[in-house]
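Trainee: I would like to work through this model by asking questions. Can we look at it together?

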Amino acid sequence: MTTATTGTESRWHELAERVLSGEDASANDARAVLAAPNVELLDVMAAAYRVRHHYFGDSVKLNYLINAKSGICPEDCHYCSQSRISSAEIDRYPMLSADEIAARAERAVELRASTCCIVTAARRPSARELREVSDAVRQVKEKHPELKICACMGLLDDDEAATLRAAGVDRYNHNLNTAESHYEDICTTHTYADRVETVDAVARSGISPCSGVIVGMGESDDELVHVALELRQLKVDSIPVNFLIPIEGTPLHDRPARIDPRVALRVLAMYRFGCPDREIRLSAGREVHFGTLQPLGLYAANAIFVADYLTEQGQAPEQDWQMIEDLGFSVEPLGGPMGSTRPSEHTVASEATIT
Ligand code: SF4
């Protein structure tokens, strides 16, 4: 028996078909997804789910964050509670030791995360920070060889990337955050080009590049589309899609406290169509902006953070596990493919750390 589809259903499923056949979604396709009327939202999500399911089945990858150095950053990123211009009331502490970082990584395993993200608030890593993180990674890998490690330590050059790769870092995160045309509105201490160069340096080192976006900083739909297509061009393996949490004490504190969750769902679907076989991680702002619609986000995204964010609380891990179970989805086990469906195009094949 064949199932009849309406015009609106077929429009989005036709887009899914094209993407699954290997055609790149165009900027116009991406704009159309963002502009889809609410009455078509479930059709959009169903079509995005076809793509997500094709590449990732029903698996959800959990990432766990360790804030290894908090609130002492000389940069002025306007969204960030850890910047030098932020007066947000957050914990501020210097670099943790390698032993402390390795001890905190135990929590990742307890929470069923398959990737542990070690983050330092910094323009770029100091020699000591590189040493502490490298030592921590070696300790963690010795005890949990299947736990993937993602580092996020700011701008990086080729030598620094090589140091982290030699220590066993699997992935490095450095977000583009927003389009080049909007960059000066959200940061003046480094440039969009600096960020692109770091993503390139990570890729050259053979570490899997992770880079994403923050939605809700006053950007236009065209700028959101631009970042998605730029990330596709940069061939990043993993794309965290963050939704701004406007934090008191930061320059962006007066942005809307809530993004319409239906808008947020369309953004996730746009990223799935635009970067179909890449890990799309529904990241910061999930609880705040998606509210009761969080589960729908996992029809486009295939990864989330479990437990807390860098300076903001997340929901209880038990709620995340229950949500995944209720959807009939499953948590990606330790040693899983790390959210990317094929070996990283940037990883030296003979030394591949992900499969
Ligand atoms: S470089 Fe990172 S830690 Fe520093 S202000 Fe920007 S986002 Fe925050």
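Predicted model: local features only at pLDDT ≥ 70, side-chain atom pairs only at ≥ 80, totals over all residues.

Mentor: Residues are numbered from 1 along each chain as its sequence is written.

Trainee: How are H2 and H10 oriented to each other, roughly parallel or roughly antiparallel?

Mentor: Helices (H or I, at least four residues) and strands (E, at least two) are DSSP runs, numbered from the N terminus. Axes are lines fitted to C-alpha atoms, for helices over the stretch in contact, with angles from 0 to 180 degrees between N-to-C directions. The axes of H2 (residues 27-34) and H10 come within 8 Å and cross at roughly 160°. Under 35 degrees is roughly parallel, 65 to 115 roughly perpendicular, over 145 roughly antiparallel and the rest oblique, so H2 and H10 are roughly antiparallel.

Trainee: What is the orientation of H4 to H5?

Mentor: The axes of H4 (residues 98-110) and H5 (residues 127-143) come within 8 Å and cross at roughly 40°. That makes H4, relative to H5, oblique.

Trainee: How far apart are the end C-alpha atoms of H10?

Mentor: The expected span is 1.5 Å times one less than the number of residues. H10 (residues 261-274) has 14 residues, so it should span 20 Å. The model agrees, with its end C-alpha atoms apart by 20 Å.

Trainee: How many residues of H10 are buried?

Mentor: Buried means 20 or more other C-beta atoms within 10 Å of a residue's own, exposed 12 or fewer, partly exposed in between, with C-beta atoms placed from the backbone. Among the buried ones are Arg 266, Tyr 271 and Phe 273. H10 is largely enclosed by the rest of the structure, because its buried count, out of 14, is 11.

Trainee: Is Asn 67 buried or exposed?

Mentor: Asn 67 is found in strand S1 (residues 59-69). It has 22 other C-beta atoms within 10 Å, so Asn 67 is buried.
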